[in-house]
Amino acid sequence: MSSTSKKSNPDEIIWEVGDDSKSWWQKRSGLERKLIISFGVTVVVFIGIFIFMGLRSSEVQEKVECSTNECLTSASQIVNLIDTNVEYCDDFYHFACGKSLKETIAEDIDEEILQMLREPISSGDHFMVKSQKALFQGCMSLDELEEESLPVIQNLIRELNEWPVVVGHRWRDKQFDWADMVVKLRKKGYDHDMLLNVRLATKDGKVIPVVTAPVVITPEREYTQLYIKYMTDIAQLFGAEPNRTAMEMEKVFDFMEKLREIGEKFLTFDNDTRVSIADFQEEYDDIDWYKFIYNMVTPHKLSAKDLASFPNPEFMDAFSLLMTKTPQRIQATYIIWTVLEELIPFLPKAYRDIQDNYLCASGNAFAGIERSETCREIVNGIFVPTPTDILYMRNHLSESKREKIADLFENVKSHTISFFEKTQWLDESDVDHVISAFNDTTAIIGLDGDYLEDSIFEKHTISLTKRGYGGSFLNMYLNQKKKAFEVIVRAEDKGEVLLLDQMVTFTSPFMHSKTNKIVLPIGMLSRTFYDVEGPAYLTYGALGKAIAYELVQNLIFEDREFEWSNSSVTRYVEKIKCMLKDSMGDKKDNDTMEFTEDGAFANFLGIKIAYDAYQGWITENGEEDTPVVLDYSANQLFWIAALVDECYDKKGLPYVHFQKFYERNTPMIYNTDFINDFECSPESKMYPSDLCDIW
C-alpha cells in the first residue's frame with residue numbers, strides 16, 4: 001500500500017466514534033443534511049396541497065356545476081327572464097320577470113296542427129284523420145263552396161217552410177211551430193239552442209234532461225244599427241225585398257234583445273227546478289214538452305213521468321209571455337237567421353264579404369282572422385277528441401315523459417296532503433274531508449286513455465262509416481256535426497265528461513271538481529320550464545306550482561263555500577287578512593275581491609307546497625347540478641321558475657289581478673324558505689316586518 005495521503009471526499013460518509021461533544025445536526029454529513037431538508041420541504045408542500053384540496057372540495061360541495069345541453073338550455077331561458085340590475089332581496093318579481101315575455105306556445109301548436117291538416121290525405125291515415133283533413137281542406141276550397149254550399153242552404157230553408165223575411169206575405173204561420181222547427185234542426189245537424197238549451201246531466205247520481213236558458217249574444221248598443229244592416233243585407237242576397245226587410249229585421253233584433261235580457265235577469269245559481277215532465281206540462285202547456293225534450297235527447301230513454309230540470313219559474317213565465325207576444329213570423333225569421341249566421345263562412349264570397357265588413361266595422365275580435373284559422377276552429381269543434389290533437393300528442397309526449405309527469409303529480413299531491421295534515425286553521429273533520437278529496441284526485445296527462453293505440457281516435461265515435469270523408473263539404477260537415485250531437489247525448493247518458501277530452505292542446509291545467517280529475521294538457525307541458533326532461537328545480541318551480549295551485553284552488557273555491565265548518569272559515573279569513581293586508585290594493589277597485597283573495601291564497605299555498613315537494617325530491621335523488629354560467633343555487637332557480645307564468649303580458653286577460661299579487665312579492669315575502677335561500681337581510685325590502693303565521 002502506498003504511503004501517499006488520500007484526498008478527502010466532502011460527501012463521503014465518515015464514521016467517527018467517541019466524539020460526544022458535537023450536536024446531532026453537526027454529526028450529520030453534508031449529504032444527510034441536504035436529504036433531510038428536501039424531505040421537510042416535501043412534507044410542507046403536501047400538507048399545503050391537502051389543505052387546499054380540502055378547501056376546494058368544500059367549495060365544490062356548495063355549488064355543483066354542469067355544462068350539459070339541458071343545463072345550458074335552462075341557463076339561456078333564465079338569462080332571458082331575469083334582470084340582474086334589480087336586487088332580488090329588494091324586488092324579486094322584477095328581478096325574476098325583468099324581461100317581458102310573449103306567450104307563443106298556443107300559436108306554435110296551432111301552426112303545427114294546421115300543417116297536419118294541409119297535408120294530402122294518405123292511405124296510412126286513420127279514417128278519423130282522413131275525415132278531419134277532408135273537412136278542413138273542403139272548407140279551404142273557396143271555389144267549391146261557391147258552387148256547392150248555397151243549394152244546400154236553400155234546400156234547408158224550403159224544408160223549414162221558407163224564410164218569412166224572404167217570401168213576405170206568402171209565408172204561412174199556421175204551418176209554424178217553434179219546437180218542431182228546432183227539433184228538425186237538431187236532427188239535421190244544425191245549431192238548435194237559440195231558444196232553449198236541452199241536454200243531459202247527472203244530478204244526484206241520475207242522468208236527467210236539463211233545460212236551460214239560451215245564450216243570446218247581441219252587439220253593443222253603438223253597433224245595433226250596423227248589426228241590423230248586416231242582417232238585412234244577408235236577407236236581401238237570399239231575395240228579400242229591401243224596404244220591408246229592414247223593418248222586419250229590426251223587430252227580429254228587438255226579440256233577440258228581450259230574449260237575452262230575460263235570460264240574464266233570471267239567471268241564478270239556484271236555477272234547478274226538478275219536476276216530472278208531466279207536471280211541468282200542466283203548468284206550461286204552450287208546447288208538448290215531452291215530445292220536444294224526447295226528440296232533443298234521443299236516443300236517451302225517457303217517459304213523461306221522468307224528472308227533468310227546468311229554469312226557475314220567473315224565467316219560464318217571462319219566456320212564455322215573450323213567445324206569446326212575439327209574432328210567429330218574427331220567431332221563425334230569428335231561428336233561421338241564427339242558423340244562417342253560423343254558416344256564412346261556408347257561403348259564396350258575396351255573403352262572406354258582408355259578414356267580414358260588419359265584423360271589421362264593429363271591432364269584433366274575429367275580424368281579420370285568416371281563413372285557415374276559421375276552418376280549423378270550425379272543423380275541430382265537431383270531433384271529440386280531435387284527431388290531430390292525438391297526433392300532436394304522439395309527437396310531443398313519450399311514454400317515459402308521461403310516467404315522469406305522473407310521478408311529479410303524485411309527489412306534489414303527497415306533499416299537499418302532508419301540508420293539510422299539519423295545518424292548524426281547519427277543524428279535524430274538515431281536514432279529514434280535504435285529505436279524502438285529495439286522495440281521490442287523479443291526473444289526466446294530455447288525454448285520458450292509451451293515446452298510442454288507434455282505438456283512441458274512436459273513443460266517442462258512433463256509426464261513422466270509414467268512407468264518410470268524401471262528397472260536398474257542407475254535407476260532410478253537417479253529417480259530422482249531427483254525429484257530434486249524438487256523441488254528446490250518449491256521453492252525457494253514461495255520465496261521461498266530454499270536456500276532459502277536448503283540452504288536449506290547452507296551455508293551462510284544469511281541475512274538474514265533479515270528477516276530481518286534473519287535466520295536464522300537452523300544450524301546457526311544452527311551455528318554458530314545464531319539461532320534465534329538464535332540471536327538477538325548474539320543473540317543480542313551474543309545473544309543480546301549477547299542479548299544487550289547481551289542487552288547492554279547487555279546495556278553496558268549492559269546499560269552503562259548501563263543506564267547511566264556520567270556525568274553519570273564520571280562521572281561514574284571518575289568515576288571508578294577515579297575508580294580504582298590504583298586497584291587494586283598494587277593494588273598491590275590484591268587484592271580485594273575494595274571488596281574488598281566494599285565488600291569491602291558492603297561489604301562495606301552491607308555491608309553498610311545490611317547494612316542499614322539490615325538497616322531497618332532493619332527499620330521494622340528491623342535489624342537482626346547476627348551470628355553470630349562472631351563479632345561483634338550485635333552490636334559488638326554483639323560485640325564479642315559480643314566477644315564469646307571471647312574467648307574461650296579461651293585459652286584458654282574466655286573473656291579471658293575480659299578477660299584481662306577484663308584483664307585490666307577497667308569496668315570497670311571507671315564505672321563510674325564500675328568505676333563507678336568498679339570505680335576505682332584515683334590512684331588505686323582501687324581509688317581512690310582520691311575519692304572519694300562515695301555516
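1. Cys-139 sits in helix α5 (residues 127-140) and Cys-375 in helix α16, so the pair ties together parts that are 236 residues apart in sequence. Helices are DSSP runs of H or I with at least four residues, strands are runs of E with at least two, and both are numbered from the N terminus. The two sulfur atoms lie 2.1 Å apart. A disulfide here is a pair of cysteine sulfur atoms within 2.5 Å.

2. A word on the basis. This is a predicted model, in which local features need pLDDT of at least 70 and side-chain atom pairs count only at pLDDT 80 or more, while totals for chains, interfaces and linings use all residues. Residues are numbered from 1 along each chain as its sequence is written, and side-chain values use heavy atoms, with hydrogens and water left out.

3. Are these cysteines buried or exposed? Cys-139 is buried, at a relative accessible area of 0%. Cys-375 is buried too, with a value of 0%. Buried means under 20% relative accessible area, exposed over 50%, and partly exposed in between (1.4 Å probe, protein chains only). Cys-360, at 56%, is exposed.

4. The count comes to two disulfides. Cys-89 and Cys-680 form a disulfide, with sulfur atoms 2.1 Å apart. This pair links distant parts of the chain, 591 residues apart: Cys-89 is in the loop between α2 (69-79) and α3 (92-96), and Cys-680 is in the segment after α27 (672-677). The link of Cys-89 and Cys-680 is left-handed, with -85° about the S-S bond. Both Cys-89 and Cys-680 are buried.

5. Now the cis peptide bonds. The bond from Thr-298 to Pro-299 is cis, with omega near 15°. Pro-299 lies in the loop between α12 (289-297) and β5 (307-310). The bond from Val-384 to Pro-385 is also cis, with omega near -15°. Pro-385 lies in the loop between α16 (371-380) and α17 (387-396).

6. Check the backbone at two further residues. Glu-162 is not a glycine, yet has a positive phi of about 70°. Glu-162 lies in the loop between α6 and α7 (164-167). Asn-516, not a glycine either, has a positive phi of about 55°. Asn-516 is in the loop between β7 (510-512) and β8 (517-520). At 16% relative accessibility, Asn-516 counts as buried, whereas Glu-162, at 30%, counts as partly exposed.
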